[in-house]
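User: I've got a model open and I'd like to talk through a few of its details with you. Could you take my questions one by one?

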Amino acid sequence: MIVICTDHTDRTSVNRKKPFEIGMNAQNLRQPAINLMNCVIYLLEHRVETPHGVLHVTVHGAGNARRPAILTFHDVGMDSKSCFSTLFKFEEMQEIVKNFTVVRVDAPGQEDGAAIYPAGYQYASMDQVSEMLPAVLQYFNFRTIIGVGVGAGAYILSKFTLSNPDAVEGLVLINVDTNARGWMDWAAQKLSNLTSSLPDQILSHLFSQEEMSANTELIQTHRERISKAPNLINIELFWKSYQGRRDLNIERNNTFKCPVMLVVGDQAPYEEAAVECNSKLDPTTTSFLKMADAGGMPQLTQPSKLTEAFKYFIQGMGYNCPIDCQINNSVKVQERYESRRQNSPSAIRRVI
């Protein structure tokens, strides 16, 4: 049996001068987070100091040092666990990423058990949160990453990539909106502040109107989780920070230098924003996936389809999946991802 990583309970940092090491403090091992055949992978939590505060970061896996780390960033009203566990616990996804180190970053104050910010606390702007990420790469001695972001996390990773193009080999952006809020959005938000509770405002950001009207079990679960969150004040600060985001001014001559996969569900709140973003990106390195029956959170509702899309995305980047990685044949993607060396044009690709 292979044991990877170390204690994840005390949340203390290792020496920042040292790169991430495997097998440290083996006597302090706790419950495994993921089991892959005869390989047990433990989660290791860190608190990383940055120029704008401390980030809570969870690492699992001992990926090939020649491969980029997969770095995830969650949406408002979620943390790294609630946003990505469904996807990364999916069996086929575990097979894909087992040769990568997966790094889950929590926005300031959003992790489970986070200290409550005092009244009047000045929360970091979206720009400042993106400026925290270089410290994470330095802390773990990562040269490059593949970024996977949802909503606010997609915006933050987009900003980071524009500022640090050499550090990002690929981007998966789910429900991304790279624009600042317009006047109509601002007025609608002001009205919503008066008529809707904070949990309902955030749920309307996360999920489609169809899902909200149906009041699905998923909606009920997340409404209860947000309503009862001990750090609800922190969540509100992150929400307001995202509402105050700046326009990233992405256009064909000011765009990402790496391959990008845009993902959005049919009727999702940010469907139009994702379509607009796709029109501004380099068509030779961009793939757009509009997922049917996915609602607002494809990584929660359609993990199998998103897993297959991710598989082809990283294969297009030149990273082969394990030989024993078997994707469910019932999942079909109309057009599979090609290497950027083939310069295939961008298209809207719908997962059936």
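User: Let's begin with K240 and E236: which helix do they both lie in?

Analyst: Keep in mind that this is a predicted model. K240 and E236 sit four residues apart, about one turn of the helix. Residues three or four places apart in an α-helix point the same way, because there are 3.6 residues a turn. The helix that holds both K240 and E236 is α10.

User: How far apart are the closest N and O atoms of K240 and E236?

Analyst: Side chains of opposite charge can pair when their charged atoms come close. K240 is exposed, with a relative accessible area of 52%, while E236 is partly exposed at 31%. The two form a salt bridge, and their closest N and O atoms are 3.5 Å apart.

User: S241 is in helix α10 too. Is S241 buried or exposed?

Analyst: S241 belongs to α10, residues 232-243. Leaving out residues up to four places away in sequence, S241 touches Y123, A124, S125 and M126. The cut-off for buried is under 20% relative accessible area. S241 comes in at 11%, so it counts as buried.

User: What about K280 and E276, how far apart are their closest N and O atoms?

Analyst: Being four residues apart in helix α11, K280 and E276 are separated by about one helical turn. K280 counts as partly exposed at 21% relative accessibility, and E276 is partly exposed too, at 34%. They form a salt bridge, with the closest N and O atoms at 3.2 Å.

User: How many residues apart are D127 and R246?

Analyst: D127 is in helix α3 (residues 126-130), whereas R246 is in the loop between α10 and β10, so the pair links distant parts of the chain. D127 counts as buried at 14% relative accessibility, and R246 as partly exposed at 48%.

User: Now α9: within what arc do its buried residues fall?

Analyst: The buried residues of α9 are I219, H222 and I226. Seen down the axis of α9, they line one face of the helix, because they fall within an arc of 75°.

User: And what covers those buried residues of α9?

Analyst: We're talking about I219, H222 and I226 here. What covers them includes α7 (198-206), α8, α10 and α12 (298-301).

User: Last one: what is the phi of N215?

Analyst: Most residues other than glycine have a negative phi. N215 lies in the loop between α8 (209-214) and α9 (217-227), and it is partly exposed at 32% relative accessible area. Though not a glycine, N215 has a positive phi of about 50°.

Key:
Residues are numbered from 1 along each chain as its sequence is written. This is a predicted model: local features need pLDDT of at least 70, side-chain atom pairs count only at pLDDT 80 or more; totals for chains, interfaces and linings use all residues. Side-chain values use heavy atoms; hydrogens and water are left out. Helices (H or I, at least four residues) and strands (E, at least two) are DSSP runs, numbered from the N terminus. Buried means under 20% relative accessible area, exposed over 50%, partly exposed in between (1.4 Å probe, protein chains only). Contact means heavy atoms within 4.5 Å. The arc is that of the directions from the helix axis to the C-beta atoms. A salt bridge is a side-chain nitrogen of Lys or Arg within 4 Å of a carboxyl oxygen of Asp or Glu.
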